[in-house]
Amino acid sequence: MAKALEFTPRVKTPEEKLGESVHDSAPALDESLKLLRELHEHGVLDVLIKLVRGGEGLSASAIHILGGRSGTAILRNGVEIVKILDGLDHRELRALGHGLQLGVSQGAQHVAQGKGVGLGDLVGLMRDRDVQLALGAIFGLLKGLGRGLREARGEDTETGNQREVDRGAR
């Protein structure tokens, strides 16, 4: 009887495994290198490296990438938006956001159904508590917006007829 041969396959070296992997992934590697080259040419890699290292020089790099007057305007506007968001009460924003979400959904349903509102419907809706509450919110928004615009223009915060309007609201 023949004796069974013992065969132990040779284990591939890490270099051989890497070579096979590179060969199998050549198209993906080519695309990745193109992307890497673009990121490097536009300075994005430099910013990412600084971000990973703790942000040293990150602001200067970001300004350089944004470049020129438009980049500066973007940064200034971004800062102003962050200040505005910081001043908003999250509970109030959540309530308004929820109301807006429901309003958009209900409005879309009316559009899909082809529903319109006639003059008689409008008068009837004025008695609806939800409509009254929404109108109150809209007019409150308009009043606050108007006050903010007057303050931005340097006008007095109270006009001659404003005292009368505020007194009537009490």
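## Exercises on a predicted model

Ile-81, Ile-84, Leu-85, Leu-88 and Leu-93 form a nonpolar surface patch of about 480 Å². Patch members have over 30% relative accessible area and no salt bridge, and nonpolar side chains (Val, Leu, Ile, Met, Phe, Trp, Tyr) are joined within 5 Å. A salt bridge is a side-chain nitrogen of Lys or Arg within 4 Å of a carboxyl oxygen of Asp or Glu. Areas follow the Shrake-Rupley method with a 1.4 Å probe, and for residues only the protein chains shown count as cover.

The model is predicted: local features need pLDDT of at least 70, side-chain atom pairs count only at pLDDT 80 or more, and totals for chains, interfaces and linings use all residues. Residues are numbered from 1 along each chain as its sequence is written, and side-chain values use heavy atoms, with hydrogens and water left out.

**Exercise 1.** Find which helix gives the largest share of the nonpolar patch, and classify Leu-88 by accessibility.

*Solution.*
1. Helices are DSSP runs (H or I, at least four residues), numbered from the N terminus.
2. Helix 5 (residues 68-87) supplies the largest share, three residues.
3. Leu-88 sits in the loop between helix 5 and helix 6 (90-113).
4. Buried means under 20% relative accessible area, exposed over 50%, and partly exposed in between.
5. Leu-88 has 41% relative accessibility and so counts as partly exposed.

**Exercise 2.** Check the span of helix 2 (residues 26-41).

*Solution.*
1. The expected span is 1.5 Å times one less than the number of residues.
2. For the 16 residues of helix 2 this gives 22 Å; the end C-alpha atoms are 22 Å apart, which agrees.
3. Just after helix 2, Gly-43 has a positive phi of about 80°.

Key: Helix = DSSP H or I, 4+ residues; strand = E, 2+ residues; numbered from the N terminus. Patch = residues over 30% accessible without salt bridge, like charges linked within 9 Å, V, L, I, M, F, W, Y side chains within 5 Å. Buried < 20%, exposed > 50% of the residue type's maximum accessible area, 1.4 Å probe, protein only.
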